[in-house]
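Please keep the sequence and the model in view while reading.

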Amino acid sequence: MNAYPWLEKHLSQKPGAIRDYKMEWKWDRWQVGGKLFAALCTPGPEHKEHAGRTMVILKCDPTMAEGFRAQYPEVVPGFYSDKRHWNSIYLDGKIPDEVLKSMIDLSYNLVFGKLTKKLQREIAGE
């Protein structure tokens, strides 16, 4: 169950966002400039603690990542990603919409900011 019906639209509306589906992982992914900034997945039973829980995986500053995890029980270290720089957010939780939106924006901005200036300008339409 996705308590955040706006989520996919918010991800897709980011400038230059490209959505694809990674069949091997069964992940919907959003990239900017060829770099991942978000993924949506529901791990299978082989992933015990995560099994059947739909989550969005987002890049995050390591210090902020720990703060989000301490404040919200539905925020856990990144699933199948660098646990310092990525958070997974269970979508069956109660994290406020505005907090989740700000986490998405942060993830996008972190990835966008690492792109070349030329690519950033192309994406921004300059």
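## Basis and accessibility

Buried means under 20% relative accessible area, exposed means over 50%, and partly exposed covers the range in between, with a 1.4 Å probe and protein chains only. The model is predicted: local features need pLDDT of at least 70, side-chain atom pairs count only at pLDDT 80 or more, and totals for chains, interfaces and linings use all residues. Residues are numbered from 1 along each chain as its sequence is written, and side-chain values use heavy atoms, with hydrogens and water left out.

Asn 87 is buried because its relative accessible area is 0%. This residue belongs to strand S6; strands (E, at least two residues) and helices (H or I, at least four) are DSSP runs, numbered from the N terminus. Its side chain makes a polar contact of 2.6 Å with the side chain of Arg 69. A polar contact is a pair of N or O atoms within 3.5 Å; within protein, one must be able to donate a hydrogen and the other to accept it, and residues adjacent in sequence count only if both atoms are side-chain atoms. Contact in general means heavy atoms within 4.5 Å. Beyond four places in sequence, the contacts of Asn 87 include Val 56, Ile 57, Leu 58, Phe 68, Val 76 and Met 103.

Ser 81 sits in the loop between strand S5 (75–77) and strand S6 (86–90). With a relative accessible area of 22%, Ser 81 is partly exposed. Not counting residues up to four places away, Ser 81 touches Ile 57 and Trp 86. Its C-alpha atom is 9.3 Å from that of Lys 59, 22 residues apart along the chain.

Asp 28 lies in strand S2 (residues 27–32), and its side chain makes a polar contact with the side chain of Arg 19 at 3.4 Å. Leaving aside neighbours within four places, Asp 28 is in contact with Arg 19, Asp 20, Tyr 21, Ala 38, Ala 39 and Leu 40.

Leu 40 is part of strand S3 and is buried, with a relative accessible area of 9%. Among the residues that Leu 40 touches, excluding those up to four places away, are Leu 7, Lys 26, Trp 27, Asp 28, Val 56 and Leu 91.

Lys 26 is in the loop between strand S1 (18–22) and S2. Its relative accessible area of 58% makes Lys 26 exposed. Phi of Lys 26 is near 60 degrees, a positive value in a residue other than glycine. Most residues other than glycine have a negative phi.

## Nonpolar cores

A nonpolar core is a set of buried Ala, Val, Leu, Ile, Met, Phe, Trp, Tyr and Cys residues joined through side-chain atoms within 4.5 Å. In the largest core, of 29 residues, Leu 7, Phe 37, Ile 95 and Leu 100 touch the most other members. Elements giving two or more residues to this core include helix H1 (7–12), strand S3 (35–41), helix H2 (62–71) and helix H3 (97–113). H3 provides the largest share, seven residues. A second, separate core has nine residues, among them Ala 39, Ile 57, Trp 86 and Tyr 90.
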